[in-house]
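Visitor: Please take me through one part of this structure up close. I would like to hear about the pockets and what lines them.

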Amino acid sequence: MALGRTSPRDLPLFADLSGRDIRDIFRAGEEVSVPAGWSLILEQTPPDAAYLILSGTAAVRVKGEEIAELGPGDIAGEVAVRKNTLRTATVTAKSRLQLLHFTREKFDDLTNRLPAFREAIDATIAERRGGS
């Protein structure tokens, strides 16, 4: 788990998860690094993956307008994967990002097997939809 000085327990997404659940989540994902300027998600594309940001920042843009900034502990791509819809925004690295990449299949498996993870993801989706 390459979170630098941050522990997974310090991330709001993991606050209610057991140590075993957190280990399962990190085992299901593949750690990747992307440079600043790279878009990991493109608006209006199929939902093929979700990403947990371990370090760095990313801009969320809708029709070219920045609507949010994501950082460590934030997840990207979860709405389209969970709701089986096209991507609603483009997510672009503002700095080098360390990410945990989840294929759609792995993400679906985690949300089916780990109720606390599913609840955390669904709460994140509800918060984001309520804020837009």
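Guide: This is a predicted model. Start with the second largest pocket, which holds about 340 Å³ of space. Its lining counts 16 residues, and Pro12, Leu13, Ala120, Thr124 and Glu127 sit closest to the centre. Helix α4 gives the most to this lining, with 7 residues. By class, the lining of the second largest pocket splits into 9 nonpolar, 5 charged and 2 polar residues.

Now the largest pocket. Its space comes to about 460 Å³. The lining has 19 residues; Val60, Ile67, Thr88, Ala89 and Arg128 are the closest to the centre. Several elements each supply at least two lining residues: strands β4 (58-62), β5 (65-70) and β6 (75-76), plus helices α2 (78-83) and α4 (115-131). The classes here are 12 nonpolar, 4 charged and 3 polar residues.

Ile121 belongs to α4. Its relative accessibility is 0%, so Ile121 counts as buried; the cut-off for buried is under 20%. Beyond the residues up to four places away in sequence, Ile121 touches Leu13, Ile75, Glu78, Arg82 and Phe107. One of these, Leu13, is also among the residues closest to the centre of the second largest pocket. Another, Glu78, is 43 residues from Ile121 along the chain, yet their C-alpha atoms are separated by 7.2 Å.

Notes:
Residues numbered from 1 in each chain as written. Predicted model: local features only at pLDDT ≥ 70, side-chain atom pairs only at ≥ 80, totals over all residues. Heavy atoms only, no water. 1 Å grid on protein atoms, 1.4 Å probe; cavity = no way out; pocket = protein on both sides within 12 Å on 5 of 7 lines; lining within 4 Å. Points joined across faces, edges and corners; volume = space filled by probe spheres on them. Helix = DSSP H or I, 4+ residues; strand = E, 2+ residues; numbered from the N terminus. Nonpolar A, V, L, I, M, F, W, Y, C, P; charged D, E, K, R; others polar. Buried < 20%, exposed > 50% of the residue type's maximum accessible area, 1.4 Å probe, protein only. Contact = heavy atoms within 4.5 Å.
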